[in-house]
Amino acid sequence: MSVRVNGTQRHAEVEPRTLLSDFLRHDLGLTGTKVGCETGSCGACTVQLDGEPARACLTFAIQVHEADITTIEGLPHGPLHAAFHEHHALQCGFCTAGMLMTLDAFLKTNPEPTEDEVKHALSGNLCRCTGYAPIVKAVLER
């Protein structure tokens, strides 16, 4: 398969059953993509597939042939990162990469969201530490 990951073209032979999360973590060494539930429920494995959030634990690597993948390692630091830091919008950090990948894509199409829109955008990402309030505040005040 051939895929562009964080702006770099990659070529690899993968078994048909290899998950995108495993390919990114084990074959490419991009460990920012976390594997939590392995059922697509927690959002920790969220990457951007052609600019849209996608669950890497539910996607076979072979499905992304000729696609453009962005992982947390390829996401440029900017106001959202700074706001997460300023508002203490992370604690253990396990969910943070998935949150940032989801929010980055969301904010590209909705740059001035309401609080309810942010909460809806995050509804597929679980965080067991923050209670979400600082995450939502970080997005709104970035």
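**Figure 1. The lining of the largest pocket has eight nonpolar, one polar and one charged residues.** The model shown here and in the other views is predicted. The residues that line this pocket are Gly 36, Cys 42, Ala 44, Cys 92, Phe 94, Cys 95, Leu 126, Cys 127, Arg 128 and Cys 129. The volume of the largest pocket is about 190 Å³. Rolling a probe the size of a water molecule over the atoms shows where empty space is left.

**Figure 2. The protein has five helices and five strands.** Read along the sequence, these elements follow the pattern β-β-α-β-β-β-α-α-α-α. The C-alpha trace spans about 45 × 25 × 20 Å along its principal axes. A compact globule of 142 residues would have a radius of gyration near 14 Å, and the protein, with 15 Å, agrees with this. Of the 142 residues, 47% count as buried. Among contacts between residues at least 6 apart in sequence, 59% join residues at least 24 apart.

**Figure 3. The largest nonpolar core has 22 residues.** Those with the most contacts inside this core are Leu 80, Phe 84, Met 99, Leu 103, Leu 122 and Ile 135. Four helices each supply at least two residues of the core: H2 (79-86), H3 (96-109), H4 (115-121) and H5 (133-140). The largest share, seven residues, comes from H3. A second, separate core has 17 residues, including Val 3, Leu 20, Cys 57 and Val 64.

**Figure 4. Surroundings of Met 99, one of the residues with the most contacts inside the largest nonpolar core.** Which residues does Met 99 touch, not counting those up to four places away in sequence? They are Phe 84, Leu 122, Asn 125, Leu 126, Cys 127, Tyr 132 and Ile 135. Among these, Phe 84, Leu 122 and Ile 135 are also listed with the most contacts inside the core.

**Figure 5. Helix H5 and what covers its buried residues.** The buried residues of H5 are Pro 134, Ile 135, Val 136, Ala 138 and Val 139. What covers them includes H2, H3 and H4. An α-helix has 3.6 residues a turn, so residues three or four places apart point the same way.

Key
Residues are numbered from 1 along each chain as its sequence is written. This is a predicted model: local features need pLDDT of at least 70, side-chain atom pairs count only at pLDDT 80 or more; totals for chains, interfaces and linings use all residues. Side-chain values use heavy atoms; hydrogens and water are left out. A nonpolar core is a set of buried Ala, Val, Leu, Ile, Met, Phe, Trp, Tyr and Cys residues joined through side-chain atoms within 4.5 Å. Buried means under 20% relative accessible area, exposed over 50%, partly exposed in between (1.4 Å probe, protein chains only). Contact means heavy atoms within 4.5 Å. On a 1 Å grid over the protein atoms alone, a cavity is a set of points where a 1.4 Å probe fits but cannot get out, and a pocket is an open set with protein on both sides within 12 Å along at least five of seven lines; lining residues have an atom within 4 Å of a point. Grid points are joined across faces, edges and corners, and a volume is the space filled by probe spheres set on the points. Ala, Val, Leu, Ile, Met, Phe, Trp, Tyr, Cys and Pro count as nonpolar, Asp, Glu, Lys and Arg as charged, and the others, Gly among them, as polar. The radius of gyration is taken over C-alpha atoms; the globule rule is 2.2 Å times the number of residues to the power 0.38.
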